[in-house]
Every structure is written in structure tokens, then in C-alpha cells.
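Work through the exercises below with the sequence and the model side by side. Each task is followed by a worked solution.

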Amino acid sequence: MLVNQFLILAAVLFCIGVYGVIARRNAVMVLMSIELILNSVNINFLAFALRNGSIDGHVFALYIIAVAAAEVGVGLALVLLVYRNRKSIALDELSEMKG
Amino acid sequence: MVAQNIAFGIIAAIMVVGALRVVTVNNVVHAALWLVLVLAGAAAQYILLTAEFVAVTQVLVYIGAVMVLFLFGTMLTRAQLGKEKLLNNPTWYLGIPASLLLLGVMIMALTSSFGDEKLPTDSELVSTQAISDQIFGPYLLPFWALSFVLLVAVIGAIVLARKD
């Protein structure tokens with residue numbers, strides 16, 4: 001197995017996630033795209049851990065999984081709050097802070 | 001080694017198709033189910049990369065917990081399940097050149113710096129004991145910080161989502 005096949009798979013998933021963050025209007029869909037990005041980062045960490053014969057990449061991958069879980073929890077609570085106040089979670093309608 | 005390469009190819013194709021469906025499908029619940037496919041494929045790739053503990057954690061946390069959160073979030077923020085128009089921004093097409101440009105630059109950088117470098121083939125599965133020795137040894141302080149992050153996230157989610 002080449003190092004690059006995992007790294008390029010991770011790059012493809014990352015770019016699909018970036019496209020989702022740019023293109024999606026629904027806040028829940030944007031959070032899902034962020035999950036795609038975080039997973040591609042994890043693949044990179046584990047590929048480099050295997051390449052270098054080190055365990056540190058595994059520890060960081062576990063930390064990223066925990067931080068992603070916290071992020072989804074808080075993110076969905078925010079989305080719920082926005083929905084309760086505005087009856088919509090379209091991101092382009094949240095423009096009160098625009099100068 | 002050939003078997004591993006074939007497995008990688010099949011799983012990678014499934015993951016890319018699933019990820020494309022996540023960002024293009026017009027139904028939030030279907031997108032969440034396609035995301036399950038991508039996350040399961042990622043767990044399979046972790047096993048190919050000899051990281052079985054991370055793979056099991058991925059299945060437990062992502063497919064078990066995060067996906068239930070997403071489905072609950074979908075359920076609570078929409079009146080009816082089904083197709084929804086206007087799931088995309090009016091300028092969604094601007095994302096295509098941006099992400100393709102990013103992908104091109106990253107693939108150029110990766111091929112020029114790693115080329116045909118091979119992963120070591122004789123490595124054994126990383127044991128859970130080795131990972132825990134690492135977490136509770138040199139990485140103890142980040143572990144504590146992460147515990148506080150999770151605690152604050154739980155309290156923050158409750159405070160944000162409760163009705164007053």
C-alpha cells in the first residue's frame with residue numbers, strides 16, 4: 001500500500017466536505033459536511049502514524065473524535081435555538097450581525 | 001498486499017460516492033444515512049491502517065452517538081420529513097471551482113512530496129494497551145483538558161436547548 005493512496009483519499013473527502021460547507025444552506029447539512037472534513041483529517045493522522053511507526057497519531061485521532069462529538073452536541077443545540085426563535089435554519093437568513 | 005489494495009479500492013470508491021451523495025442529495029435524512037456509509041468506510045480504512053481501537057471508537061461514537069444526534073436534530077428542526085427545496089445556497093455552484101482548486105493543489109503537493117513511498121508492510125496491529133499507556137502518560141494533560149471540553153459541551157448544550 002502506498003502512503004499516497006490514503007492521503008489522496010483523505011484529500012478528496014476533505015474537498016467534498018469543503019464543497020458541502022460552501023454550497024449548503026441548511027445548518028444541519030453544514031454540520032454533516034464538517035464531519036466529513038474531520039474524518040479525512042483522522043485518516044491522515046492514522047496513515048502518518050503507520051508510516052512513522054508511532055502511536056501519537058492514534059492518540060490525536062481519538063482526541064479529534066471526542067472534540068467532534070462535543071462540537072456536534074453544541075452545534076445542534078445552537079441550531080435548535082435558532083429554529084425555536086426563527087422557525088427556520090437557513091444560514092443565509094441569519095444576517096442581523098451584518099454591518 | 002494485493003488483497004489489501006483491492007479492499008482499499010472498493011472501500012474508497014464507496015466512501016467517495018457516499019460523500020458526494022451527502023453533499024448533493026435533497027433530503028436531510030437520506031444525507032445522514034449516506035454519512036453513515038462514509039463513516040463506516042472510514043472505520044474500515046482505520047483497520048487497514050492497523051488502528052483497530054480507533055476503528056471501534058469511530059463506530060461507537062460516530063455511527064452510534066453522533067448519527068443519533070443528527071437524526072434528532074433533523075427531527076426537531078423540521079415540520080415534516082421528506083424532500084425540501086432550497087437546501088442549497090443560491091450561489092452553490094461557486095463551491096465547485098473552490099473545492100476543485102483545493103483538491104488540485106493538495107494532490108500536486110502530495111504527489112511531489114510522497115511519490116511512490118510505500119507504507120511498512122510488516123507492522124502489527126497497534127494494541128489498546130500501547131494507546132492507553134500513551135494517553136495516560138505523556139498526553140495526560142490534554143486528556144484532562146478534553147474531559148473539561150466534554151463537560152462544558154454537555155452543560156452548554158443543556159443551557160442552550162432548555163426552554164425557559
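Helices (DSSP runs of H or I, at least four residues) and strands (runs of E, at least two) are numbered from the N terminus. This is a predicted model: local features need pLDDT of at least 70, side-chain atom pairs count only at pLDDT 80 or more, and totals for chains, interfaces and linings use all residues. Residues are numbered from 1 along each chain as its sequence is written, while chains are lettered from A and ligands numbered from 1 in the order in which they are written.

**Exercise 1. Check the span of H2(A), then find what follows this helix.**

Step 1. The expected span is 1.5 Å times one less than the number of residues.
Step 2. Gly53(A) follows H2(A), and its phi is positive, near 65 degrees.

**Exercise 2. State the confidence in chain A and in its elements.**

Step 1. pLDDT is the predictor's confidence in each residue, from 0 to 100.
Step 2. Chain A has a mean pLDDT of 90, and 99% of its residues reach 70 or more.

**Exercise 3. Describe the side of chain A that touches chain B.**

Step 1. Two residues are in contact if their C-beta atoms, placed from the backbone, lie within 7 Å.
Step 2. On this basis, 60 residues of chain A meet 74 residues of chain B.
Step 3. Helices H1 (3-23), H2 (27-52) and H3 (56-86) of chain A each supply at least two residues of this side.
Step 4. H3(A) gives the largest share, 21 residues.
Step 5. The side divides into 44 nonpolar, 10 polar and 6 charged residues. Here Ala, Val, Leu, Ile, Met, Phe, Trp, Tyr, Cys and Pro are nonpolar, Asp, Glu, Lys and Arg are charged, and the others, Gly among them, are polar.

**Exercise 4. Outline the fold of chain B.**

Step 1. Chain B has 6 helices and 0 strands. From the N terminus, the order is α-α-α-α-α-α.
Step 2. The C-alpha atoms fill a box of roughly 55 × 40 × 25 Å along the principal axes.
Step 3. An automatic or database assignment sets the domain bounds. Domain 1 of chain B is 2-82 + 95-123, and domain 2 is 127-164.
Step 4. The C-alpha centres of these two domains are 24 Å apart.

**Exercise 5. Is Thr50(B) buried, exposed or partly exposed?**

Step 1. A residue is buried with 20 or more other C-beta atoms (placed from the backbone) within 10 Å of its own, exposed with 12 or fewer, and partly exposed in between.
Step 2. Thr50(B) has 18 such atoms, so this residue is partly exposed.
Step 3. Thr50(B) sits in the loop between helix H2 (28-48) and helix H3 (52-76) of chain B.
Step 4. Its phi is positive, near 60 degrees, in a residue other than glycine. Most residues other than glycine have a negative phi.

**Exercise 6. Examine Met1(B) and H6(B).**

Step 1. Met1(B) lies before helix H1 (2-24) of chain B. Met1(B) has 9 C-beta neighbours inside 10 Å, so it counts as exposed.
Step 2. Leaving aside neighbours within four places in sequence, Met1(B) contacts Met1(A) and Thr121(B).
Step 3. H6(B) is hardly covered, with 2 buried residues among its 22.
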